[in-house]
Amino acid sequence: MRWPRLLGLLALAPLVAIAAPAREASLDVDIAAYRRAAAGRLGALTGRAYETGAKSTAADRPLPGTVVTLLPRSETFLRTLDEIKRGARASITAYRDAAAAVRRAREAYERVLWAEGALDLVRSTDVAADGAFAVRDLPSGQWVLIGVRSLFVDKPARRPTPRESQTYATPPRVIGHGTVHVWLLEVQVTGGRTEAVELTDRNAWLTGIVEEREPDANR
């Protein structure tokens, strides 16, 4: 796999209106190295996802439902995510699209790994009710951790009147939105060892929104 191929797939996603520049580079992910490491001693990653208490004496609140994904470290993938985060400051439209753009970039990278027969190197798990999570049997090497937690808020926008719907071309109506917290960490896994990480409300890498829409029923 050559890197322009990966960029071609990443370009399928409109990354916050940023056109990813063409980059000439050698192979960015050494899949064979992960395969060799998989034949040796394996490592593990454990962690907690929680919200710190409002007061020093208050207990932490677990964040169940957070999805944790580990992928082989890719410098260009990380650079793409950084472009998304920086671009999110450019406009309200870019900010609204940032969380979805992160998801699209991750899915595009996963498709590349799938095409290379390395989809088994994508490891995902859900955070449990107590906030704990674990990913075991990991080959030694550098990994990228992406944690995502979405909280849906049911907040319908005003429904247009029949006259407004007949007079104007109304877009799909917003019925609510999700607040999305994204964590991004680079993790070094070593065979025979367990690494520990924490995902908290204070070290989230990006906070964005995803709007839920439905067609205007009056149209």
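Where is A88 found? In this predicted model, A88 is found in the loop between α3 and α4, where helices (H or I, at least four residues) and strands (E, at least two) are DSSP runs numbered from the N terminus. A88 is buried, with a relative accessible area of 9%; buried means under 20% relative accessible area, exposed over 50% and partly exposed in between, with a 1.4 Å probe and protein chains only. The C-alpha atoms of A88 and A101 are separated by 9.9 Å, the two residues being 13 apart along the chain.

Residues are numbered from 1 along each chain as its sequence is written, and side-chain values use heavy atoms, with hydrogens and water left out. Local features need pLDDT of at least 70 and side-chain atom pairs count only at pLDDT 80 or more, while totals for chains, interfaces and linings use all residues.

The protein chain holds five helices and nine strands. From the N terminus on, its elements run α-α-β-β-β-α-α-β-β-β-α-β-β-β. Of its 219 residues, 42% are buried.

Aromatic contacts come next. A pair of aromatic rings is described by the distance of the centres and the angle of the planes. Rings of Phe, Tyr and Trp (its six-membered ring) pair if their centres lie within 6.5 Å, and planes under 30 degrees apart count as stacked, over 60 as edge-to-face and the rest as tilted. By this rule the count comes to two aromatic pairs. The rings of Y34 and W143 have centres 5.4 Å apart and planes at 80°, so this pair is edge-to-face. It links distant parts of the chain, with Y34 in helix α2 (residues 31-38) and W143 in strand β6 (residues 141-154), 109 residues apart. Y34 is buried at a relative accessible area of 8%, and W143 is buried at 0%. The pair of F77 and Y109 is tilted, at 4.7 Å centre to centre with 35° between the planes. Here too distant parts of the chain are linked: F77 lies in helix α3 (residues 75-87) and Y109 in helix α4 (residues 92-115), 32 residues apart. F77 is buried, with a relative accessible area of 1%, and Y109 counts as buried at 1%.

Y34 also belongs to the buried residues of α2, which are I31, Y34 and A37. I31 is buried at a relative accessible area of 15%. I31 and E116 are 85 residues apart in sequence, yet 8.6 Å apart in space, C-alpha to C-alpha.

The largest pocket has a volume of about 250 Å³. A pocket is an open set of points on a 1 Å grid over the protein atoms alone, where a 1.4 Å probe fits, with protein on both sides within 12 Å along at least five of seven lines; lining residues have an atom within 4 Å of a point. The volume is the space filled by probe spheres set on the points, which are joined across faces, edges and corners. Of the 14 lining residues, the closest to the pocket centre are A99, R103, R106, V148 and V180. At least two lining residues come from each of β3 (67-72), α4, β6 and β7 (173-189), and α4 gives the largest share, five residues.
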